[in-house]
Structure formats: C-alpha cells, structure tokens
Amino acid sequence: MKVGVLGSGEVGRRLAGGFVSRGHEVVIGTRTPKKPDLVQWAAGLKGKVQVGSFTDAARDGELVVLAIQGEAAVAAVELAGTPHFSGKVLIDVTNPLDFSKGMPPSLLFGTTDSLGERVQRAAPSAKVVKAFNTVGNGQMVDPHVKGQKHLELLIAGNDAAAKQRVTEIVKSFGWSGTLDVGGIEGARWLEAMVPLWVRAGSALNTFSHVWVVGRD
Ligand SMILES: NC(=O)c1ccc[n+]([C@@H]2O[C@H](COP(=O)([O-])OP(=O)(O)OC[C@H]3O[C@@H](n4cnc5c(N)ncnc54)[C@H](OP(=O)(O)O)[C@@H]3O)[C@@H](O)[C@H]2O)c1
C-alpha cells in the first residue's frame, strides 16, 4: 500500500518508518521538502519514502495519516486539498494542545468539540479515525510495557470498516488490538487524555508510559 503522511515531525517520521518496516511505501508531506535532515532521513529508508508537499501525500496515499501540529492541523488538510481525502481512511494523530502557559499543556478546546471532529468536518468524505494520539511517538510502533502483553490502542471514528482497517494496521505495528470508544465525537475524550498523559509522565519521570485498560 502507498501511505500518505502529512507531517514530518517526530510522529510523521515514526509512523512513516513503521509503515515502511511493514512493507508499505510512504509519501511524507511537508511545507519544506528540501529540509536537509528530512532528505537525509528519507534516504536512510532505501527509496521507500518520497518527500513531497501536503498535496502530494494526500493525493498519492491510498490511506492518509495526519501528523500536524494541533493548531495547524485543519489548515494543513485544507492546504492539501480536501477532495484528495475523499473516500480514504484518514488516521488523525493530532492533539489540540495549548502550550501558551508553558508546561504542562491544556487543551485549545474540548469536551464539546475536538480536533478529530474538526478534521472530519473539514474533509467530510474522508473516513477519519482518531488513533495513536494517546501514546508517545516512541511507543507507536512495536510498543513495549514491562509485564504487560495485552496492549490496546484507543480509537474513535464514524466508519466501522475504516476502524477495522486501522485495527489491522495497529496489530501489524505490534499492538494486541484497538479499544473502540465509538464515533468521532469520542475524540473529545481521547484528546483530553493527553494533558493528563503529560502530567502522569512528569510524575513518573518518563514519557514512554502507555495507557493500559485493565480488566478483572
Ligand atoms: N510527539 C508525540 O510523541 C506525539 C504523540 C501523539 C500525538 N502527537 C500529535 O501529533 C502531531 C504531530 O506532532 P509532532 O510531535 O510530530 O510535531 P509537531 O511539531 O506538533 O508537528 C510537526 C508538523 O506540523 C507541521 N506544522 C507546524 N506548523 C504548521 C503550520 N503553521 N502550517 C502547516 N503545518 C504546520 C510541520 O510542518 P513542516 O513539515 O512543514 O515543518 C510538521 O510537519 C501533533 O498534533 C501532536 O500533538 C504527538
């Protein structure tokens, strides 16, 4: 499969590397495709990653990942051209984090709206699935938690088949599966977990921690 990844930060690169390691090809989208460190990083992936614009990634990806800074996420979808997302699974990894008062962050908006819903409204014919936003980039692919074999990734979205497709990808990345919290409005609560994740990380003095839902 050819995957379009909008975003060339830590998350975009981590997920792009995950797709390549599982045999897929990636077009990674950025505003500055000639960034030397990005070009060098892509060269290390043996021709499996092309660097292009947001439009290239959205147009050429059979499935698309959105890994853009929260405040710019909707604008990046619009800049890419919303028709390019039509009918495609769009994995939304973004968080509307507000760092204006420093650390730890709060949310730019929440509880009655979410970035997941805003992305779905911006690209109404995309099948948006919120996923990977509750986990640090170092644990997105091949997750590992001491003494814990059963690791589920929290997801939300309106399209059942799209969530099934994302679950297959998540499993191929080494997770046990997904925990589906419902329609895309569930993104309100997946996004709200992230300021809490940062606070928990500060308390634990690590940012490789992973939410685990235990059962009796
Ligand atoms: N870091 C993590 O571990 C983690 C974990 C879960 C979720 N997330 C979420 O994933 C997203 C990406 O995070 P990140 O850590 O990789 O880096 P980031 O710094 O939050 O985002 C980097 C990307 O945002 C793009 N961007 C920034 N400002 C922009 C603007 N004004 N217009 C268009 N694009 C803009 C950059 O484009 P260029 O390529 O052109 O520079 C770059 O591709 C964020 O929403 C974050 O909250 C992060």
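This is a predicted model: local features need pLDDT of at least 70, side-chain atom pairs count only at pLDDT 80 or more; totals for chains, interfaces and linings use all residues.

**Cavity, pocket and ligand**

The largest cavity has a volume of about 50 Å³. When the whole structure is searched, one cavity of 30 Å³ or more is found.

From the cavity, the reader may turn to the open spaces. The largest pocket contains about 930 Å³ of space. A total of 38 residues line this pocket, and those closest to its centre are Val11, Ala67, Ile68, Gln69 and Gly70. In terms of class, the lining of the largest pocket comprises 19 nonpolar, 15 polar and four charged residues.

What takes up the space of the largest pocket? The ligand does, for the space taken by the ligand is the largest pocket. Around the ligand there are 23 residues, of which Ser8, Thr30, Arg31, Ile68 and Asn137 are the closest. The shell that these residues form divides into eleven polar, nine nonpolar and three charged members.

A polar backbone atom of Ile68 lies 2.7 Å from an oxygen atom of the ligand. Ile68 is also among the residues closest to the centre of the largest pocket. For Val11, another residue closest to that centre, the distance from a polar backbone atom to an oxygen atom of the ligand is 2.9 Å. A polar backbone atom of Glu10 is found 3.1 Å from an oxygen atom of the ligand. As for the extent of cover, the ligand on its own has 880 Å² of accessible area, and the protein covers 76% of this area.

Two features of the backbone remain to be considered. Most peptide bonds are trans, and most residues other than glycine have a negative phi. The bond that joins Met103 and Pro104, however, is a cis peptide bond, with an omega of about -10°. Pro104 is placed in the loop between strand S6 (97-98) and strand S7 (106-107). Where is Phe132 placed? Phe132 belongs to the loop between strand S8 (127-130) and strand S9 (152-157). Although Phe132 is not a glycine, this residue has a positive phi of about 70°.

Technical notes: Residues are numbered from 1 along each chain as its sequence is written. Side-chain values use heavy atoms; hydrogens and water are left out. A residue is near a molecule or strand if one of its heavy atoms lies within 4 Å of it. A polar contact is a pair of N or O atoms within 3.5 Å; within protein, one must be able to donate a hydrogen and the other to accept it, and residues adjacent in sequence count only if both atoms are side-chain atoms. Accessible areas come from the Shrake-Rupley method with a 1.4 Å probe; for residues, only the protein chains shown count as cover. On a 1 Å grid over the protein atoms alone, a cavity is a set of points where a 1.4 Å probe fits but cannot get out, and a pocket is an open set with protein on both sides within 12 Å along at least five of seven lines; lining residues have an atom within 4 Å of a point. A molecule sits in a cavity or pocket if more than half of its atoms lie within 2 Å of its grid points. Ala, Val, Leu, Ile, Met, Phe, Trp, Tyr, Cys and Pro count as nonpolar, Asp, Glu, Lys and Arg as charged, and the others, Gly among them, as polar. Grid points are joined across faces, edges and corners, and a volume is the space filled by probe spheres set on the points. Helices (H or I, at least four residues) and strands (E, at least two) are DSSP runs, numbered from the N terminus.
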